[in-house]
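Below are some notes to read beside the model.

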Amino acid sequence: MRILLVMAIVWCMAIAIPGHEVTAQGHSTKHGTVNLKTSCGEQAQKRFDEGLALMHHMMYEEAAQEFTAVAEAAPDCSMAQWGIAMSYIHPLWGERPTDENLAKGQAAVENALQLSNLTEKEKAYIEAVARFYEDWENTSYADQLKAFEEGYKKVHEAYPDEVEAAAFYALGQLGTAPKTDKTFATQKEAGALLEQLHAKNPDHPGLFHYIIHAYDNPLLATKAVKVSREYERIAPDVPHALHMPSHIFVRLGQWTDAVDWNIRSADAALRMSSKDMVSMHYPHALDYMAYGYLQQGRDKKAKEVVDKMKNVPGYTPTFATAYALAAIPARQALERGKWAEAANLPVRYPENFTWYKYPGAEAITHFAKGIGGARSGNTTVAEDAIAALHKLQTQLSSSGDTYWAAQAEAQQLSVQAWLEYHRGDKNKALAMMREAADKEDALDKHPVTPGAVLPARELLGDMLLLSKKPAEALLAYEASLKVSPKRYNSLYGAALAAEKAKDKEKARAYYMELLKTAPEADGDRESWAQAKKFASRK
C-alpha cells in the first residue's frame, strides 16, 4: 500500500503543471522536451521552452513569436533575446537572412549582452550566436555558418552535458558539411553525437529532427528509419515534424509513406496559415507529395497537387517556397515525358511571388522548359533556356552561391546536350550529357529538395538508349537508382535497357519492381503498359 501511495503522489506531481513538467531530461512542452534552464523566472521559462522546442522543429516564425512574447513580459530575460537572434538563422535551408533580419538579430544579441544578470552559461550561448552576426555586412554566408558551428562547438566543449549546446553544434556541422563529400564524414560524426544524445533524451525535438537531416543521404538513410517513424509522437500537429520523416522515406523509395506523411503535413500547415498568406511548410509538403505520387505513377493525384499549389492567395517568401513552386509543375511535365508541356511552362509563376530573390529556384523552370523544348523539337525554347540558365549561373556565382551555381551549370549542360542530340551530333551530345551527369553527381541533394527534378544520370540513360547503346544505358540507370532508389523512370529505363541488351532476367526483375512500386498507376504512361505486357509473358 505504501508503494502505491508513493506512486500516486509522484503521478499527481507529474501532472501538476500540464504540458510543462520538469523531468530528468528537461522541461516538457507541447512539442517535446527541451533542457535549457534560464534565469528568467518560472513563467518566462515556460514560454521560452515552447519557443525553443518550435525552433528545433524549424518552425522559426512561430518560435520567434514565443521569444518575443517572453522578451515583452520579462525585459530582463537575456535568453529571450538569444532566442530572437537564433530564430533568424536557418542553417539547412540554404538561405541567408535578409539584411533587415540580420540587423534585427544583431540588435537582439547586443540587447542580450547588455543585461547585467547573465549567468556564465547564458553568456556562452549568447556569444555563440553573436559570432554568426559579427561583421555580417562584410562576411559571406558560408563563413557565418562556420562561425555558428564554431560558436556552439565552444559551448559544447565547455558544457559537455548540455543537450542544447550539443544539438546546435551538430546542426552547425550539418549546415557546413561539404556538398561534394560522398563519404558523408561530417554527417556521420554529427549523427553519432545526436544518436548518443537521443538515447538519453528520447523526447527532444532537435534530436529527432537533426538525426533525420544527418542521415538524409543514400549511404546512411536506413539509420534514421526508426527515428522517422517515431517523430510524430512528440509533435503530432507540427507541420515540419510531420514532413521530416519523408526525407528518409524518399531516400529509400518508400513512396506511400512519403505521400501520406506530407498529406498530414500540408493539412497542418494550412491550419496554421493566415487567410492571406500560406506558410512555406505547405508548398514544401506539396513538393514531396507530388514527387511521391509521380514515382507511383499516380499522375492524376500529382495533377491534383499542382492544382492545390495554384489555388493559394499568397505564399510566404522563402527559398523552400520558391523551390516548390518551380519544381512541382516541372516534375508533373517531365516525369510523364510530356516534353511539349514542359516547353510551355510559364516562367516565374505565380507572378505575385518574389522570384528575383531566388535564382536557384527559377533555374528549375528554365531547365524544364529547355529539356522539354529540345526533346520536342522546339529549338527556340531550348536556346532561350540555355541563355537564361547561363545568366542565372553567373548571378549565383557572383553572389557566392556555389551549390546552386553548380546545379545551374549541370542543368545548362543537360539542355545543351539534348539540343545537340536533336541537331544530329550524337557524339557531342553524349559527351556533354556525361559531363552534366558527373557535375550533378558530385553534389549531394540540397536538404530542401526530395531529389533532382530530373536526374542528369537518368537523362544520360535516356540518350544512350535512344542512341542504341542499351548496355551503357543500363549502367546509367542503375547508377541513378543507387542515389534515388525505386525512381519510376529509372526503373523503367533499366528494364527497357536490359530487355534491349537481351538480359531477360534483369529486364523482368526491373519490370516487376516497377509494377510493385506503381501498383495503382492511374495515368496513361506507355511505360506502365509495357511493364504489364512484359510481366504477363511466360
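**Notes on the model**

1. Pro-350 lies in the loop between H18 and helix H19 (359-376). Helices (H or I, at least four residues) and strands (E, at least two) are DSSP runs, numbered from the N terminus. The peptide bond that joins Tyr-349 and Pro-350 is cis, with omega about 0°. Arg-348 has its place in the loop between H18 and H19, and its phi is near 55°, a positive value in a residue other than glycine. Most residues other than glycine have a negative phi, and most peptide bonds are trans.

2. On the basis of these notes: this is a predicted model, in which local features need pLDDT of at least 70 and side-chain atom pairs count only at pLDDT 80 or more, while totals for chains, interfaces and linings use all residues. Residues are numbered from 1 along each chain as its sequence is written, and side-chain values use heavy atoms, with hydrogens and water left out.

3. Lys-502 sits in the loop between helix H25 (488-500) and helix H26 (504-517). Is Lys-502 buried or exposed? Its relative accessible area is 72%, so Lys-502 is exposed. The classes are buried (under 20% relative accessible area), exposed (over 50%) and partly exposed (in between), with a 1.4 Å probe and protein chains only. Arg-348, at 37% relative accessibility, counts as partly exposed.

4. Helix H18 (residues 339-343) holds Ala-342. Ala-342 counts as buried because its relative accessibility is 0%. Leaving aside neighbours within four places in sequence, Ala-342 is in contact (heavy atoms within 4.5 Å) with Ala-333, Leu-334, Ala-368, Lys-369 and Gly-372. Ala-342 and Ala-518 are 176 residues apart along the chain, and their C-alpha atoms are separated by 23 Å.

5. The domain assignment of the protein chain gives domain 1 (27-236) and domain 2 (467-537); such bounds come from an automatic or database domain assignment. The C-alpha centres of domain 1 and domain 2 are 44 Å apart.

6. How many residues does the largest nonpolar core have? There are 176, and Trp-82 and Tyr-152 have the most contacts inside this core. Helix H17 (residues 319-334) gives the largest share, 12 residues. Both domain 1 (27-236) and domain 2 (467-537) give residues to this core, so the core lies between them. A nonpolar core is a set of buried Ala, Val, Leu, Ile, Met, Phe, Trp, Tyr and Cys residues joined through side-chain atoms within 4.5 Å.

7. Neighbours within four places in sequence left aside, the contacts of Trp-82 include Leu-36, Phe-48, Tyr-125, Tyr-152 and Phe-168.

8. One disulfide is counted, a disulfide being a pair of cysteine sulfur atoms within 2.5 Å. Cys-40 is joined to Cys-77, with S to S at 2.0 Å. The link of Cys-40 and Cys-77 is right-handed, with 75° about the S-S bond. It links distant parts of the chain, 37 residues apart: Cys-40 is in the loop between strand E3 (32-34) and helix H2 (42-56), and Cys-77 in the loop between helix H3 (60-73) and helix H4 (78-87). Cys-40 counts as buried at 13% relative accessibility, and Cys-77 counts as buried at 1%.

9. His-209, in helix H10 (residues 205-214), is buried, with a relative accessible area of 0%. Beyond its neighbours within four places in sequence, His-209 is in contact with His-56, His-57, Met-58, Tyr-231, His-240 and Met-244. Ser-265 lies in helix H14 (residues 255-272) and is buried, with a relative accessible area of 0%. With neighbours within four places in sequence again left aside, Ser-265 is in contact with Pro-239, Leu-242, His-243, His-281 and Ala-285.
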